[in-house]
Amino acid sequence: MTGNHRNSSITRRRALAVTGGTVAAGGLAVTGYQSAFADTTEATATASATSTGACMTLMSSVTEGPYYLDGALVRKDITEGKSGVPLTLRLTVVDATDGCTPVKGAAVEIWHCDAWGYYSGYTTANPGGSAPAESEDGSTANDNTYLRGYQIANANGVVKFETIFPGWYTPRTCHIHVKVHTGGEKEDGTYEGGTVNYTGQLFFDDTIAEEIFALEPYSRHSGSYTTLDDDMVYDGGGAASGLLTLKAVHKADPSQGYKGSLSLAIDPDAENTGAGSGGGGTPPSGAPSGEPPSGAPSESASPSASASS
């Protein structure tokens, strides 16, 4: 792996597309991070972002990828015992068409692979390179629900997830998938109805990812890791393209975890089907296609994966 990439640079294609707005959106992410882990300052940060006009540019929608499943649970902690470096993720949903105002009640859905590159619901799909079988991780995670979940945005448009730093699979860089829904409601532990307003992916600094992947259990997955510059979805636009702001819990010990944040500027009146730009990668060999596998999450969740706040 290499750690060279455009941390916050903007490609000419991207700059032309947003006519300078990408820089503003990046500023919004920084502002969001400064307040993301101090609830008492969230409203101040939102007001600051509004005053700078930071939300004039919408986040770019991209493909949902080959591993989406309906019926994820509404819960804060999505790990289900999966091992890995802890990641506290806070996302702020704002209305880019209304001066950066928070989108209260938006449902933010995320899903990502485990430390070895396996997704729940697709645990026999080969992640590429050399990795132990998913069943060897020793956890009690539900194979159809781990590392998937919803949270409902508070009055400041903020949601928080407790998860682990994702691994990787060929041919993609390290990433988290995200959808923002509005207009639905929580029902039977999941989120029903409404409209998908945004489909995107969140990305990680290559240097940090490289550091994490040298640790257990990530180091047991060897092979050719795709950096940001070579990824087929990330377009080099920094925060406006989903690049998370990351802060180590303990600078001298990355195994203690990271805090990640980003603001998602959306149009609550728009609908996005998940068929955005970027191919998302060809599913690794063994990945199913078409309908979700039998036993995938449904309205009646199993006791081992019950919803939590």
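Q: Before we get to the sheet, what makes two strands count as a pair here?
A: Two strands pair if DSSP finds at least two bridges between them, and in this predicted model strand S6 (residues 175-182) and S9 pair in the antiparallel sense over eight bridges.

Q: Which residue in S9 is the bridge partner of Val180?
A: The bridge partner of Val180 in S9 is Tyr198.

Q: And what order do the strands of that open sheet come in?
A: The order is S4-S3-S6-S9, four strands forming an open sheet with antiparallel pairing. S4 and strand S9 (195-203) stand at the edges with a single partner strand each, so one side of each has no neighbour in the sheet. From one strand to the next, the twist averages 20 degrees.

Q: Switching to rings, how many aromatic pairs does a search of the whole structure find?
A: The search finds 13 aromatic pairs. One of them joins Tyr67 and Tyr122, which are edge-to-face, with 5.1 Å centre to centre and 70 degrees between the planes.

Q: Where in the chain do those two sit?
A: The pair links distant parts of the chain, 55 residues apart: Tyr67 is in the loop between helix H3 (42-51) and strand S1 (86-95), whereas Tyr122 is in the loop between strand S3 (107-111) and strand S4 (148-152).

Q: Why does Tyr67 count as buried?
A: Tyr67 counts as buried because its relative accessibility is 3%, and buried means under 20%. Tyr122, at 5% relative accessibility, counts as buried as well.

Q: What about Phe213 and Tyr218, how are their rings arranged?
A: Phe213 and Tyr218 form a tilted pair, 5.8 Å centre to centre and with 40 degrees between the planes, and both residues are buried. Ring pairs also link Phe213 and Tyr218 into a cluster with Phe165, Trp168, Phe204, Tyr225 and Tyr258.

Q: Which ring does the charged end of Lys179 sit over?
A: The charged end of Lys179 sits over the ring of Tyr68, 5.0 Å from its centre. In another place, Lys82 lies over the face of Tyr146, at 4.2 Å from the ring centre.

Q: Last topic, Thr245: which strand is it in?
A: Thr245 lies in strand S10, which covers residues 245-248. Thr245 has a relative accessible area of 22%, so this residue is partly exposed.

Q: How far apart in space are Thr245 and Asp205?
A: Thr245 and Asp205 are 8.6 Å apart in space, C-alpha to C-alpha, and 40 residues apart in sequence.

How values were computed: Residues numbered from 1 in each chain as written. Predicted model: local features only at pLDDT ≥ 70, side-chain atom pairs only at ≥ 80, totals over all residues. Heavy atoms only, no water. Buried < 20%, exposed > 50% of the residue type's maximum accessible area, 1.4 Å probe, protein only. Phe/Tyr/Trp six-rings, centres within 6.5 Å; stacked < 30°, edge-to-face > 60°. Lys NZ or Arg CZ within 6 Å of the ring centre and 35° of its normal. Axes fitted to C-alpha atoms, helices over the stretch in contact; angles between N-to-C directions.
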